[in-house]
Amino acid sequence: MSPYWFIARLRVLLGLNYRTEVVAGLCGQFLLVYASLFLWRSAYAGRGEVAGVAREDMLSFVVLSMLLGFAYTVGVHRVVPQKIQQGTIAVDWLRPVHPLAMWLAEDFGSAFSEVMLRGTPLLLASLLIVPFPAAGGGWEGLLAAPAFFLSYLIVWLLYALVAMLAFWIIELGNFGLVVDVCVRFLSGGIVPFWFFPDWAQSAAKWLPFVYTYQGVIGIYLGVERGAAAWRILGIQALWIALLATALAVVWSRARHKVMVQGG
Amino acid sequence: MWDSIRHHLGVGLHSMRMSFQVTLEYPVGYIAWFIMIPAQYFLGIGMLQVMVRSFDSVGGWTFPQLAFLYGLSLLSHGLLVALFIPTWLVERYLVEGAFDRMKLRPLNVYFQFLVRYFNVLGVIDLIPGVTIFVYALAKSGLAWSWENVIALPLVVAGGTLLRAGLYTGVSSIAFWTQRSFSLVGITEHLMRTGTFYPLNIYPLWFGWVLTVLFPVAWIAYFPTKTFLGLDGGLRFPLGAALVTMGIGLCVFAAGIAIFTLGLRRNNSSGS
């Protein structure tokens, strides 16, 4: 079995250990989804479509956005600074695997665990309020699968780049929180950019965030079809190439900054 | 009596000074919070603005009215985070055995529990609250009567006590179960759900839950309706201020009672 597969599997099993936290977290998340669904329902009151977005599509968007929130579970920005502070980063270098690939495998496992343990029950609970968010646009909705995979890599690379800062500033604090806010809001994950003024929509296209939540859900719901869907996939690939190159450069320098104290 | 109050105040201020010094020890570690906390609340209200721009209103509320609600809620949230953050942390203090030390000192345990850590970062939470509320005051057409001038601080103080009481009660469940942090998380979500948006967007039964069972609707929703004279606003002396303050005091007292009960059955976490 590949070591990376094993690492991811360990993370899934770890997630199963904290059942109480999972249940409590579910209740809290459900409250947020519940509030969000009723907020949008109330906004659409008496209207079928606003800014080209149908009411049903928007409610589906809320549920899918919640699911993606679980799928984008990333811990590299917390783990790496902690390991640098405690000196345990040295152990990661001694392992016969690449540290970056190992952290990515860990996060894949955590994301899978979050989607299964929290996302799926919440999806089922949301069916009490809204119908199942069905794919629109026929077979093109299937493009949402590769789009999701690529979007995960974009999100992970963003967090990994932030994590690298810890090699230079040990007392950095949780800078990943800043990325959290950027990803959540600038990705259209809460209010899609379809409702924003034209200038904001144009500006968002120059940033990687909009190709995560909104890009993936837009393809799934059939709001982005044909050439537009393929263009999103292409731009996602470009962002991955750009961010991966940046990470490789920063990583090559960061490795020389590590100083582990103690015997 | 006065000596006791002076002594308690002295201890509280000393603790506050120490917390401040600890924060200043690693200032870089707090940069993320300085950016993140205001950003998330400003973006949150920004999202409501985008919605209102597209839909004209949300639940029949205009943007200045929503900003008033959001800002009023954030003010009491900011004060809670600054002054009462230990109310979230009973579980952690139990695990650390911190209550053992508190019980040995000749000072009220709940008071020690509250002043053990003054959250300097809580002040950051007040920045978006004050900014958004000042904007809402200018745009929402609030009448500057003497009643409102007295009522506003009372509502904020009552809302803060209500929050602190709820968190104290929920967090104190750890005295029986050893765990409560996840319940505190749910309470936090409940606060957001019940105080950032108008209650009339929810089904009636959920509105009752937020009004009676977990009365967070009194923190911002009912006061906002009364201050702005919105349909169905309650009519009480000094608006909803006295009601919010009254409920806040009751919930706070209930929270302390649960804490005290829990503390009585608490045994040391070990040597």
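The model is predicted, and local features need pLDDT of at least 70, side-chain atom pairs count only at pLDDT 80 or more, while totals for chains, interfaces and linings use all residues. Residues are numbered from 1 along each chain as its sequence is written, chains are lettered from A and ligands numbered from 1 in the order in which they are written, and side-chain values use heavy atoms, with hydrogens and water left out.

**Aromatic rings**

- Over all chains, the structure holds 42 aromatic pairs; rings of Phe, Tyr and Trp (its six-membered ring) pair if their centres lie within 6.5 Å, with planes under 30 degrees apart counted as stacked, over 60 as edge-to-face and the rest as tilted.
- One of these is the tilted pair of B:Y110 and B:F113, at 5.7 Å centre to centre and 40° between the planes.
- Both B:Y110 and B:F113 belong to helix α6 (residues 109–115) of chain B, three residues apart, or about one turn of the helix. Helices (H or I, at least four residues) and strands (E, at least two) are DSSP runs, numbered from the N terminus.
- B:Y110 counts as buried because its relative accessibility is 8%, and B:F113 is buried too, at 0%. The scale here: buried is under 20% relative accessible area, exposed is over 50%, and partly exposed is in between (1.4 Å probe, protein chains only).
- B:Y110 and B:F113 are part of one aromatic cluster with B:F84, B:Y93, B:F99, B:F175, B:F252 and B:F259.
- B:R116 lies over the face of B:Y93, 4.6 Å from the ring centre; the criterion is NZ of Lys or CZ of Arg within 6 Å of the ring centre and within 35 degrees of the ring normal.

**A helix pair in chain B**

- Helix α8 (residues 146–171) of chain B packs with helix α10 (residues 181–195) of chain B at about 155°, with the axes 9 Å apart. Axes are lines fitted to C-alpha atoms, for helices over the stretch in contact, and angles run from 0 to 180 degrees between N-to-C directions.
- That angle is why α8(B) and α10(B) are roughly antiparallel (under 35 degrees is roughly parallel, over 145 roughly antiparallel, 65 to 115 roughly perpendicular, the rest oblique).
- From α8(B), the contact is made by B:R163, B:L166, B:Y167, B:V170 and B:S171, and from α10(B) by B:L183, B:V184, B:T187, B:E188, B:M191 and B:T195; contact means heavy atoms within 4.5 Å.

**Two buried helix residues**

- B:L263 sits in helix α13 (residues 241–264) of chain B and counts as buried at 12% relative accessibility.
- Leaving aside neighbours within four places in sequence, B:L263 touches B:F99, B:K103, B:V109 and B:F175.

- A:A51 has a phi near 55°, a positive value in a residue other than glycine. A:A51 is in the loop between β1 (49–50) and β2 (53–54) of chain A, and is partly exposed at 49% relative accessibility.
- B:D56, not a glycine either, has a positive phi of about 75°. B:D56 lies in the loop between α2 (31–55) and α3 (63–83) of chain B and counts as exposed at 56% relative accessibility.
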